[in-house]
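This report describes the sheet, the helices packed on it and a few single residues. The sequence and the structure come first.

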Amino acid sequence: MTAACRILLIDDHAVVRAGCRLLLQRRPEIELLEASSGVEGLRLNAEHHPRLITLDLSLGGSSGFEILPRLQSDSPSARILIFTMHEDPVVATRAMDAGAAGYASKNDGPETFLDAVDTVLRGEIYLSPTMARKLALRQIRTADNPLRSLSRRELDVLRLFGAGESLAEIADALKLSYRTVANSVSLIKRKLNVATNARLLRLAIDHLTPEP
């Protein structure tokens, strides 16, 4: 890392920010900026153009996925490390496809967070050990996965459907309209040649429910 390594931490949990601050204070070369909301994170990013952004996916009032493109647009050279409680490989794949350079879990130890920061700052891709294993297992099953024809949004809808969420809850979680979600479910059924919600639920549980 260079002498002026500016890192922007975007997380709406004060305890998480305090913990990360304590860890990063070990590194005198780091200048840390903190944002407690997506709006504040966008402002600080546009003003200071950090080298690394650590981004939570669940922000009060917004989603990390919503602001990720803006962060990239305002600071094209910044590397983005997702730091989240979500350990679903579907979510991790979506984040990496959107341009994130790393995916770290808040359930891992503090040294793992520092390893993730260092790895991403070196220009490499970081995945937490648990997520790397889940993604590897998911890829092994891809060849015979009946869901391979679905789009990313359809997979997200189906994953939440399999978790028992109602259409209204899915719409709220994905920031979509109820009608869009209902149409997506109908389209998924046609693509998979499934007639009933029970059969669709079984497919979702078999192929998309996260591992414990």
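Two strands are taken to pair if DSSP finds at least two bridges between them. Helices (H or I, at least four residues) and strands (E, at least two) are DSSP runs, numbered from the N terminus. The model is predicted, so that local features need pLDDT of at least 70 and side-chain atom pairs count only at pLDDT 80 or more, while totals for chains, interfaces and linings use all residues. Residues are numbered from 1 along each chain as its sequence is written, and side-chain values use heavy atoms, with hydrogens and water left out.

Six strands form an open sheet in the order 2-1-3-6-7-8, with parallel pairing. Its edges are strand 2 (30-35) and strand 8 (126-127), each of which pairs on one side only. Strand 1 and strand 2 run parallel and are joined by six bridges; Ile7 has Leu32 in strand 2 as its bridge partner. Strand 7 (residues 102-105) pairs with strand 8 in the parallel sense over two bridges, and the partner of Gly102 in strand 8 is Tyr126.

**Helices**

Strand 1, helix 1 (residues 14-24) and strand 2 make a right-handed β-α-β unit. Right-handed here means that, with the strands pointing away from the viewer, the path from the first strand over the helix to the second runs clockwise.

Contact means heavy atoms within 4.5 Å. Axes are lines fitted to C-alpha atoms, for helices over the stretch in contact, and angles run from 0 to 180 degrees between N-to-C directions. Helix 5 (residues 110-121) lies across strand 1, strand 3, strand 6 (79-84), strand 7 and strand 8, and runs at about 160° to strand 6.

**Single residues**

Most residues other than glycine have a negative phi.

| Residue | Phi | Loop between |
|---|---|---|
| His49 | about 45° | helix 2 and strand 3 |

Accessibility is classed as buried under 20% relative accessible area, exposed over 50% and partly exposed in between (1.4 Å probe, protein chains only). His49 is partly exposed because its relative accessible area is 45%. Lys175, at 48% relative accessibility, also counts as partly exposed.

Asp97 lies in helix 4 (residues 89-97). With 57% relative accessibility, Asp97 counts as exposed. Between Asp97 and Arg152 there are 9.8 Å in space, C-alpha to C-alpha, and the two are 55 residues apart in sequence.
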